[in-house]
Amino acid sequence: MSATSATAHAHVEHHELGFLRTYVFSTDHKMIGRQFLFLGLLMMILGGALALVVRWQLAWPETPVPGLGLILRETGGILEPSTYNMAFTMHATIMIFFVVMPILAGGFGNFLIPLMIGARDMAFPFLNMLSFWVAVVAGILMLAGFFVEGGHAAAGWTSYAPLAAVPEYTGVNWGQNLWCISLFILGVSSMMGSINYITTIINMRAPGMKLFRMPLVIWSLFITAVLLLLALPVLTSGVAMLLFDRWLGTSWFRPSGGGEPLLWQHLFWYFGHPEVYILILPAMGIGSEILPVFARKPIFGYHAMAFSMIAIAFLSWIVYGHHMFVSGMNPALGMAFTVTTMIIAVPSAIKTFNWLGTLWGGRIRLTVPMLNALAFVSMFVIGGLSGIFMASTPVDIYIQDTYYIVAHIHYVVFGGSIFGAFAGIYYWFPKMFGRMTSPVLGQLHFWPTFFFFNLTFFPMHILGVGGHMRRIYNPMQYEFLQPLQWWNVLITIGAIGLGIAQIPFVINFFWSLFAGRKAPVNPWNATTLEWTAPSPPPHLNWGPTLPTVYRGPYEYSAPESTDDFLPQTTPPVARAGARRH
Amino acid sequence: MTTALVEPPGVPRPVRGLHIPPPPRDGGDDDEDRGPAPQRPILDNVRLAMIFLISGEIMFFGGLISAFLVLRVSAAAWPPPLQPRLPIAVTGLNTLVLLASSGTMLAAGRALRRGDRAALVRRLLATAALGAVFLLVQGYEWTRLVSFGLTLSSGVYGATFYTLIGAHAAHVVGALVWLAAVLALAARGRFVDGAAGPLRACAMYWHFVVALWPILYVAVYLA
């Protein structure tokens, strides 16, 4: 229905919309994608600042944090245990739910899906707009938690019960309530978004865009949407129960009324593990898009890439118990979870080797998006390998709840998702905003980020094996950690450097937005459909006719081409001619 | 790595951007395997989206019901001693009322296909009325249970009962509001002329909410 009305629209052409309808309450998927991107980047400033506060406390415990004296007047900028708990809880909550998910799933999902499958817009443009504004409401409620009495949620981003289920335990009342309400609302937003993505990808592809001609980033976003659709409602039901426990005196997770605290962990991780793949799959897709373009080679093993993502998504449902090895679990069940978790290494390795196979023998151009994509692949390998240690119960018992897991999660979510996001931003910036970014500033952003990222997170492995517990307020209180304290100082210096390294990105982003070189239609000589639309694409993306797709998305260095690449819209040479597969 | 170009003689080289032939009928396939082009979707957007919405909702209730079952199974005695018993018979009758509303909704669908506007409005009205009766009976039973001392905070029995049944009731209220909006449009003559997407979506949601109830009834009241 919407499809036909959108096509009918195309002939009407350019009826001017007001400022409000163009930039604020827009139903255009491209504007909604940009809005999600800005939401995520804005929240990243806050999430990063919270991380630096946490790092300062760990390196130089109970000394005034520079600049924080303005906010924490009573203590003169010294972090109290309660504030410290709040800082690390909100760092993770904001980074996961309001940075990585909005940028990767919200931003790139909205911007790329219609453009890359050859649709004029999403299946339900109004629902799409609603999903953004509902996410904004969730974000405002989450931010409001910082200003209520008792401070924001402080029970970790996992909000384990009964710590989070009884206000008296943490002394946080409305902060945790708002945390629950905000995530509940975000669940509604995610549901609207994911339904839209799935419907659009299934029903609105351009002529000739068969499922196995879709670019891999669309595959990844499709699978992410399915995971979002099926995983987030479980969290939504969980936070509803948690909120009722806190607010209405129910006893889902409170032993005093007959409830079961461990139940929360099951509900949380049943959502939580698919969530990890929600965070990484779009980055995998972005990497799979960028590597072939700058290696000028077809992706190695297209079908294997798509099927391994499906396999990862499927397996993500049956591994969640590996987060709970020491929570109390039947050893036989622990064994089963170990095995299923190890199996995930197989599709992940298929993807990694295929990326390497794509690079092998390619004419590699080290542009800024390519550098970030290469960082994504290499850092994801480290993060993936450290995951195998944790998957194995006997090892996990010793390294769980230490800095080893902190190192692992950051290698996957920063090294994987954030480098993937940076790669995507640099790669699609010309299409999103119609201007090129500065490669000099891009290099100035990438190299320090890569260096300080490793300086920050690699030593955490060492700290973790040394027994440094995660989420402790003051490591100097433990005699066995005192000889390791210089690592903490080094990590914090790395983290501060990582923060400073983002300044060139901000400058580059805003400078390019207004003064960058005008982008041509296809600056990277890429084959996928979005590069056939103008930069930036107009409302409804293409002129009167939609592109027709004749071939797969990665035909680089194609022998039958006059250039070295064949866009998906290039008709075949000869129907009876030689076959390529 | 350069490969010499081998082309069958007599085939002109394509020049990009100059002349694009019209899309071939098989969807522009250059492989031998000719799948149909994805042009005629099996299900329209609205129905497809409703299926995904309902699967998300199933996961939501799956979370609630499985949490309930964990607590139910691990409890020493269920229902716990000194707690009021749930009204099985009245709710059983109420279940039939709700199931009947699904029947009237199906009948409304038949009226829609015949293009019979009066029957459509009548049957949608009957559906909404049955849904409202269900809610009223539920609400009455709730007030009685509260007066007997079963509340949200009276232990895990009351907590699970009110959360699960309340979540369903909230969905019935939502479906009823949706149905009221659709009913207002149908009364003004919409839908019978073809574009019945909103009505179909509402009907699917209604059937979901109805189908969910017997599961909850068995799990919470009978088991």
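Does A:Trp157 count as buried or exposed, and which ring does A:Trp157 pair with?

A: This is a predicted model. A:Trp157 counts as buried, because its relative accessibility is 11% and the cut-off for buried is under 20%.

The structure holds 69 aromatic pairs over all chains. In one of them, the ring of A:Trp157 is paired with that of A:Phe268: the centres are 5.1 Å apart and the planes stand at 70 degrees, so the pair is edge-to-face. The angle decides this, because planes over 60 degrees apart count as edge-to-face. The two residues come from distant parts of the chain, 111 residues apart. A:Trp157 sits in the loop between helix H5 (125-144) and helix H6 (167-170) of chain A, while A:Phe268 belongs to helix H9 (residues 261-295) of chain A. A:Phe268 is buried as well, with a relative accessible area of 1%.

A second pair is formed by A:Tyr411 and A:Phe458, whose ring centres are 6.3 Å apart; their planes are at 90 degrees, so this pair is also edge-to-face. It links helix H14 (residues 403-433) of chain A, which holds A:Tyr411, to helix H15 (residues 439-465) of chain A, which holds A:Phe458, across 47 residues. A:Tyr411 is buried, with a relative accessible area of 0%, whereas A:Phe458 is partly exposed at 40%. Ring pairs tie both residues into a cluster. Its members include A:Phe414, A:Phe419, A:Phe446, A:Trp447 and A:Phe450.

Helix H9 of chain A also has a part in covering another helix, H10. Helix H10 (residues 302-315) of chain A has 14 residues, which at 1.5 Å a residue should span 20 Å; its end C-alpha atoms are 20 Å apart, so the two values agree. Among the buried residues of H10(A) are A:Tyr302, A:Met305, A:Ala306, A:Met309, A:Ile312 and A:Ala313. An α-helix has 3.6 residues a turn, so residues three or four places apart point the same way. The cover over the buried residues of H10(A) includes helix H8 (216-247), H9 and helix H11 (331-359) of chain A.

Among contacts in chain B between residues at least 6 apart in sequence, 75% join residues at least 24 apart. The accessible surface of chain B is about 11,400 Å², with 68% of that belonging to carbon and sulfur atoms.

Terms used. Residues are numbered from 1 along each chain as its sequence is written. Chains are lettered from A and ligands numbered from 1 in the order in which they are written. This is a predicted model: local features need pLDDT of at least 70, side-chain atom pairs count only at pLDDT 80 or more; totals for chains, interfaces and linings use all residues. Side-chain values use heavy atoms; hydrogens and water are left out. Rings of Phe, Tyr and Trp (its six-membered ring) pair if their centres lie within 6.5 Å; planes under 30 degrees apart count as stacked, over 60 as edge-to-face and the rest as tilted. Helices (H or I, at least four residues) and strands (E, at least two) are DSSP runs, numbered from the N terminus. Buried means under 20% relative accessible area, exposed over 50%, partly exposed in between (1.4 Å probe, protein chains only). The expected span of a helix is 1.5 Å times one less than its number of residues. Contact means heavy atoms within 4.5 Å. Accessible areas come from the Shrake-Rupley method with a 1.4 Å probe; for residues, only the protein chains shown count as cover.
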